[in-house]
Amino acid sequence: MLSDHGWMALAGMPAWIAAYDLAGVVDEAIPPASIAAAGAAATIVASTLPRALASVRALGQTPAMADALFREAVLPALSMPPAWGRFPRLPPAWWTVLLRLMWMAGYTNGAESRQAIRLRARQAAARLMVLARSGPVLLVAHGIINRMIAAELRRSGWTSDQRARHACWSINTFTLAA
């Protein structure tokens, strides 16, 4: 896992994001609920990002499908005058939040738009619903795409018995309302 400590100029964020996308996962204890969910899944689906595939391996599993449909929404790069290259310097996590908020407000600078991600989330939810006909499905993905897929599942009549969780190794369970 890539550290998000330290301060950096915005100009360094594209390289930091690229390294983050190639990073694996932190070697830490995996909650028993996550291990149980992986063991109970009839099908395991993952994003194609290395950290998602590393998460599946850490669970002792192999995905039946790894598909870019489940990839995280790319953060836009922020264009700025060269004179601003050193100022301001912020922790990467702060830049990530700022860039994600700008993306939500419509700024893409060549990245996939919010509307495009919403369409991709709708397609991903549809694929998960088809797979769920054969039993429980475990999706291993990260970030905003998980939230958007969850919203599409809810729009399609699926419910969750708990408040959505978004921390590392968290599990959100959805069932089709009878």
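**Aromatic rings in the chain**

Tutor: In the protein chain, 33% of the 178 residues count as buried. The model is a predicted one. Its secondary structure comes to six helices and seven strands, and read from the N terminus the elements follow the order β-α-α-β-α-β-β-α-α-β-α-β-β. The C-alpha trace spans about 60 × 35 × 25 Å along its principal axes. A compact globule with 178 residues would have a radius of gyration near 16 Å, and the 17 Å of the protein chain agrees with that. Of the contacts between residues at least 6 apart in sequence, 66% join residues at least 24 apart.

Now to the rings. Counting ring centres that lie within 6.5 Å as a pair, the chain has two aromatic pairs. One of them is formed by Trp16 and Tyr20: the ring centres are 5.4 Å apart and the planes meet at 10 degrees, so the pair is stacked. The cut-off for stacked is under 30 degrees. Both residues belong to helix H1 (residues 13–22), where they are four residues apart and thus separated by about one helical turn. Trp16 counts as buried, at 12% relative accessibility, while Tyr20 is partly exposed, with a relative accessible area of 24%. The limit for buried is under 20%.

Another ring has a charged residue over it: Arg100 lies over the face of Trp103, at 4.7 Å from the ring centre.

As for the surface, the protein chain exposes about 10100 Å², and carbon and sulfur atoms supply 61% of that area.

Methods. Residues numbered from 1 in each chain as written. Predicted model: local features only at pLDDT ≥ 70, side-chain atom pairs only at ≥ 80, totals over all residues. Heavy atoms only, no water. Phe/Tyr/Trp six-rings, centres within 6.5 Å; stacked < 30°, edge-to-face > 60°. Helix = DSSP H or I, 4+ residues; strand = E, 2+ residues; numbered from the N terminus. Buried < 20%, exposed > 50% of the residue type's maximum accessible area, 1.4 Å probe, protein only. Lys NZ or Arg CZ within 6 Å of the ring centre and 35° of its normal. Rg over C-alpha atoms; globule rule 2.2 N^0.38 Å. Contact = heavy atoms within 4.5 Å. Areas by Shrake-Rupley, 256 points an atom, 1.4 Å probe, with all protein chains shown as cover.
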